[in-house]
Amino acid sequence: MLAQINGITLAFNDHGTGPPLVFLHAFPLNRSMWTDQETALSTQFRVITIDLRGHGESDAPLWHYSLDQAADDVHGLLDHLSIRQAVLIGLSMGGYIALAFYRKYAERVKGLILADTRAQADTEDGKRARFEIAQLAYKQGPSAIADLMISKLLSPATIQTRPELVQRVRTMIEGTQVSGIAGDLMAMAERPDSIPLLQQIGCPTHIIVGELDVPTPPADARFMADRIPHARLAVIPGAGHLSNLEQPDLFNEAIRSFGLLLAGC
Ligand code: MLT
């Protein structure tokens, strides 16, 4: 489905009925990374997956991107769908956006699931690396980004034994426009430190992390879980950074139990 939000076209899926779950994807992927979650969870929940601006079938304007703008897009879509409150599930960049959304629109958040993400801002070295990746995307296109990123996104065992999943991730990355890739890199480099926000989070929060996640390792997840009041933490065995793709059953079960707990609140 398509909606006009904040002057651009945003693509999204809206399946099932029940308490709303809104899924925010990782960089540089799109809403199709949540297909397994849509199938498993839309029998009990209203599952909304969004192509963030710059990704998938949404517009990828050639202009300044920010995580606050992404949060405004999610807010606009919730208004468009007449959803007053939702559980936000953000993986990696999606988690940064969920935190940006909470900072601006806490009253719209029923609960937060922060998967394979972190609260810290980028270091100066991290910002420089983002600039270099944006240059690579500009000069060589998204397939060079896929070559660079796949070994960071998936665990070694998945890369060796699940070629169809590797290809699925590659196809998502190769389908992302350079304007979206570069825009996200700038937005992530500029994101604020969210550590001070953690202790102010007043909604139920569940942290999920793949035990083999390299970009945002379990230590980053524990750091958040130790600071967000009453947060729960699930470490998913055998999963790297894209834990929802590598271990969908365990990931879905964590979401289902948290979502049902909140539905009773
Ligand atoms: C992601 O998976 O969204 C990225 O690894 C996030 C990042 O580059 O910080």
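**Close-up views of a predicted model**

**View 1. The loop that holds H230.** H230 lies in the loop between α10 (218-227) and β8 (232-236), in a model that is predicted. Although H230 is not a glycine, its phi is positive, at about 60°. With a relative accessibility of 78%, H230 counts as exposed, because the cut-off for that class is over 50%.

**View 2. D116, with a positive phi in a buried setting.** D116 is found in the loop between β6 (109-115) and α4, and its phi, near 45°, is positive in a residue other than glycine. The relative accessible area of D116 is 1%, so this residue is buried.

View 3. The bond that joins F27 to P28 is cis, with omega near -10°. P28 itself has its place in the loop between β3 (20-24) and α1 (35-41).

**View 4. Helix α7 and its buried face.** The 12 residues of helix α7 (residues 163-174) should span 16 Å at 1.5 Å a residue, and this agrees with the end C-alpha atoms, which are 16 Å apart. The buried residues of α7 are L165, V166, V169, M172 and I173. Seen down the helix axis, these buried residues fall within an arc of 125°, and therefore they line one face of α7. They pack against α5 (142-153), α6 and α11 (243-246), while the face turned away from the buried side carries the exposed residues P163 and E164.

**View 5. T158 in helix α6.** T158 is found in helix α6 (residues 156-161) and is buried, with a relative accessible area of 5%. Not counting residues up to four places away in sequence, T158 touches L165, V166 and E246; of these contacts, L165 and V166 are among the buried residues of α7.

**View 6. The packing of helices α4 and α8.** Helix α4 (residues 124-140) and helix α8 (residues 178-189) pack with their axes 9 Å apart and at an angle of about 175°. Because angles over 145 degrees count as roughly antiparallel, α4 is placed in that class relative to α8. On the α4 side the contact is made by K127, R130, I133, A134, A137 and Y138, which meet V178, I181, A182, L185, M188 and A189 in α8. Sorted by class, this contact has 10 nonpolar, no polar and two charged residues.

**View 7. R256 in helix α12.** R256 has its place in helix α12 (residues 248-263). Its relative accessible area is 19%, so R256 is buried, the cut-off for that class being under 20%. Leaving aside neighbours within four places in sequence, R256 is in contact with A40, L41, Q44 and F45.

Methods
Residues numbered from 1 in each chain as written. Predicted model: local features only at pLDDT ≥ 70, side-chain atom pairs only at ≥ 80, totals over all residues. Heavy atoms only, no water. Helix = DSSP H or I, 4+ residues; strand = E, 2+ residues; numbered from the N terminus. Buried < 20%, exposed > 50% of the residue type's maximum accessible area, 1.4 Å probe, protein only. Contact = heavy atoms within 4.5 Å. Expected span 1.5 Å × (residues − 1). Arc of directions from axis to C-beta. Axes fitted to C-alpha atoms, helices over the stretch in contact; angles between N-to-C directions. Parallel < 35°, antiparallel > 145°, perpendicular 65-115°, else oblique. Nonpolar A, V, L, I, M, F, W, Y, C, P; charged D, E, K, R; others polar.
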